[in-house]
Amino acid sequence: MGMTCALPRIGTSLSLVSSPALPDIENERDLALMRLIASGDESAMRELIERHQNRVYGTIVRMLGSEREAEDLAQQVFVRVWKSSGRYQPSAKFTTWLYTIVRNLVFNESRRRTRADLQDSVDDEMRDDQQKTPSAELLDAEKMSAIQSAIDALPEQQRMAIILRRYEEMPYEEMAIVLKQTVPGVKSLLFRARTALRESLAKYLE
């Protein structure tokens with residue numbers, strides 16, 4: 001199925017503030033929109049993007065640490081939604097299916113990037129900070145950089161689990177579907193991730 005007009009561009013100025021899980025009434029609206037999209041309704045696609053772009057973009061930014069790459073990847077997520085709409089079957093909440101697409105694209109991108117690229121970026125920021133006069137603002141910036149670096153260093157599944165639970169407040173049952181795990185498996189991922197983060201950030205937790 002082709003589109004006769006471009007999808008709305010997802011900008012980097014979108015808010016990264018997380019929102020609670022969508023209630024059932026919101027899921028029903030998503031399903032109604034998907035039925036319209038499957039018939040080629042572009043206005044329904046635009047509404048669906050407006051409903052979910054902030055959360056999708058925010059999740060990808062936290063996973064990859066790059067606003068530019070997150071913008072491009074978020075665009076790809078919704079292109080896949082459009083292309084897959086005719087085959088979509090609501091066996092779970094729409095957002096569960098949506099975040100499965102996010103997961104697949106993010107993991108593919110993570111595997112493409114090298115660890116050295118990430119570490120070089122962090123090292124450059126730390127070197128710049130060390131050349132400045134210490135201040136409360138600088139210390140806060142250093143702490144945030146350390147937190148992001150610690151999250152980046154987690155294995156993919158643990159990183160995604162932390163982001164979905166902490167920022168998207170996703171229930172364990174939905175996370176299990178997105179991450180292709182059992183509920184106990186999700187809880188185990190979160191336990192290992194939180195343990196690793198506590199060890200990495202020990203000096204900031206004292």
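Tutor: First, the rule we need: a salt bridge is a side-chain nitrogen of Lys or Arg within 4 Å of a carboxyl oxygen of Asp or Glu. Keep in mind that this is a predicted model, where local features need pLDDT of at least 70, side-chain atom pairs count only at pLDDT 80 or more, and totals for chains, interfaces and linings use all residues. Residues are numbered from 1 along each chain as its sequence is written, and side-chain values use heavy atoms, with hydrogens and water left out.

Student: Why is the contact between Glu69 and Arg68 called a salt bridge?
Tutor: The N to O distance for Glu69 and Arg68 is 3.9 Å, and the cut-off is within 4 Å, so the label holds. By this rule the count is six salt bridges.

Student: What makes Arg68 exposed?
Tutor: Its relative accessible area of 56%. Exposed means over 50%, buried means under 20%, and partly exposed is in between (1.4 Å probe, protein chains only). So Arg68 passes the exposed cut-off.

Student: How do you know that Arg51 and Glu26 form a salt bridge?
Tutor: Their side chains meet at 2.7 Å, N to O. Arg51 sits in helix 2 (residues 42–64) and Glu26 in helix 1 (residues 24–38), 25 residues apart, so the pair links distant parts of the chain. Helices here are DSSP runs of H or I with at least four residues, numbered from the N terminus. Glu26, Asp30 and Arg51 are linked in a network of salt bridges.

Student: Why are Arg51 and Glu26 called partly exposed?
Tutor: Arg51 has a relative accessible area of 26% and Glu26 comes in at 27%, so both fall in the in-between class.

Student: What does the salt bridge of Glu168 and Arg55 tie together?
Tutor: The closest N and O atoms of Glu168 and Arg55 are 2.8 Å apart. Glu168 lies in the loop between helix 7 (156–166) and helix 8 (172–179) while Arg55 is in helix 2, so the bridge joins parts that are 113 residues apart in sequence. Glu168 counts as buried at 2%, and Arg55 is buried at 9%.

Student: Why is the pair of Tyr88 and Trp97 called tilted?
Tutor: Rings of Phe, Tyr and Trp (its six-membered ring) pair if their centres lie within 6.5 Å; planes under 30 degrees apart count as stacked, over 60 as edge-to-face and the rest as tilted. Tyr88 and Trp97 have centres 4.5 Å apart and planes at 50°, so tilted it is. Phe94 and Trp97 also form a tilted pair, at 5.8 Å centre to centre and 50° between the planes. Ring pairs link Tyr88, Phe94 and Trp97 into a cluster.

Student: How do you know that helix 4 has the span of a helix?
Tutor: The expected span is 1.5 Å times one less than the number of residues. The 19 residues of helix 4 (residues 94–112) should span 27 Å, and the end C-alpha atoms are 28 Å apart, which agrees. Helix 4 is mostly covered, with 14 of its 19 residues buried.

Student: What makes Arg62 sit over the ring of Tyr167?
Tutor: The rule asks for NZ of Lys or CZ of Arg within 6 Å of the ring centre and within 35 degrees of the ring normal. Arg62 lies over the face of Tyr167, at 4.0 Å from the ring centre.

How values were computed: Helices (H or I, at least four residues) and strands (E, at least two) are DSSP runs, numbered from the N terminus.
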